[in-house]
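Hi,

Here's the structure I said I'd pass along.

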Amino acid sequence: MWESIVLTVVATAGNNIGKILQKKGTVILPPLSFKLKVIRAYALNTTWVIGFLMDIFGALLMLRALALAPVSVIQPVSGCGLAILSVFSHFYLKEVMNIIDWVGITLAGFGTIGVGAGGEEQEAAALSIFHIPWLASVVFILFLLLNGWLRICKRHRREQEMMEYDVVEEIIYGLESGILFGMASVISKMGFLFLEQGFNKLLVPICIMISVCSSGTGFYYQTRGLKHGRAIVVSTCAAVASILTGVLAGMLALGERLPSAPNARLLLLLGWLLIIFGVILLVGSTKIVRILRNSSQRLKSSVDKNYGPRRSGTSRIREPSPTAVIQTATLNQLLSSSSKEKA
């Protein structure tokens with residue numbers, strides 16, 4: 001089990017860091033096309049080539065991890081890729097990290113340890129080739145409902161003449177992309193299970209091709225959401241939906257089970273929760289810090305407003321009265337004049 005956990009962590013690190021390096025390399029490159037000059041420019045760019053190779057290597061390691069362990073274990077652990085990406089960005093790209101980022105990384109790390117300690121090897125349940133169309137029909141119905149809800153929101157936004165995306169639209173795009181990412185892992189795992197149970201070997205590349213198409217469609221929906229919506233909402237919903245889809249589909253469609261031992265079951269569930277919560281903190285760390293800073297400033301200003309009048313009132317009480325000063329001076333003059341008259 002720990003071998004598959006380590007493979008998943010390394011694979012998701014390769015995927016995320018590889019994409020960052022590819023993005024950094026394309027800064028000085030033209031848009032990708034099939035022209036020989038453009039392809040040669042990409043091939044000669046060291047940063048882009050290293051990122052591309054890391055991305056491919058991570059994908060191969062992820063397939064290997066899915067062949068060794070249940071998808072309900074692999075998919076939540078893959079959420080730690082965001083934590084690894086944050087650390088890489090901090091030390092390599094010199095990006096500043098706040099305390100919420102470090103808390104999210106710590107929670108994701110402890111969650112990974114919990115999943116590794118609580119997960120157990122399982123015997124493959126009997127599968128049927130009809131599980132693929134069954135999963136496809138479930139995803140199709142979910143997308144019909146989500147897209148219908150999305151059209152209602154868009155129509156309402158046009159009627160209200162609103163320019164910005166509604167939060168419901170951002171959530172829907174995030175959910176759609178996350179569901180497709182989770183289903184990609186499930187379908188890949190299904191191909192390996194078919195091979196173990198003696199089905200035709202051609203089912204493995206077919207399942208992997210379907211998985212690639214599912215991931216590509218998920219990136220399409222995520223890009224649409226990120227283009228017009230807020231990244232924090234879309235990315236959070238995508239990450240959580242991907243983990244939940246992998247866990248639920250793995251248990252319902254692939255026959256995966258929770259550990260039989262109570263302590264192992266508790267560790268696994270706690271690991272899932274810690275990873276999900278850590279991913280949410282990592283995605284929304286900037287927003288959370290801004291909210292905390294604004295609330296602390298409002299609290300400080302309200303305290304100053306309440307304490308200011310009291311302080312000024314006490315200072316006025318302690319100041320000597322001007323009339324009292326004048327009366328004392330007048331009294332001194334009268335006393336000095338009366339003493340002169342007596343002399």
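**The second largest pocket**

In this predicted model, the second largest pocket has a volume of about 280 Å³. A pocket here is an open set of points on a 1 Å grid over the protein atoms alone, where a 1.4 Å probe fits, with protein on both sides within 12 Å along at least five of seven lines; points are joined across faces, edges and corners, and the volume is the space filled by probe spheres set on them. Its lining (residues with an atom within 4 Å of a point) has 13 residues, with Val 138, Leu 142, Thr 245, Leu 248 and Ala 249 nearest the centre. Two or more lining residues come from each of α7 (131–159), α8 (167–196) and α10 (231–253), and α10 gives the most, 6. Helices are DSSP runs of H or I, at least four residues, and strands are E runs of at least two, numbered from the N terminus.

The chain comes to 13 helices and 0 strands, and 40% of its 343 residues are buried.

Housekeeping: residues are numbered from 1 along each chain as its sequence is written. Local features need pLDDT of at least 70 and side-chain atom pairs 80 or more, while totals for chains, interfaces and linings use all residues, and side-chain values use heavy atoms, without hydrogens or water.

Cheers

Terms used. Buried < 20%, exposed > 50% of the residue type's maximum accessible area, 1.4 Å probe, protein only.
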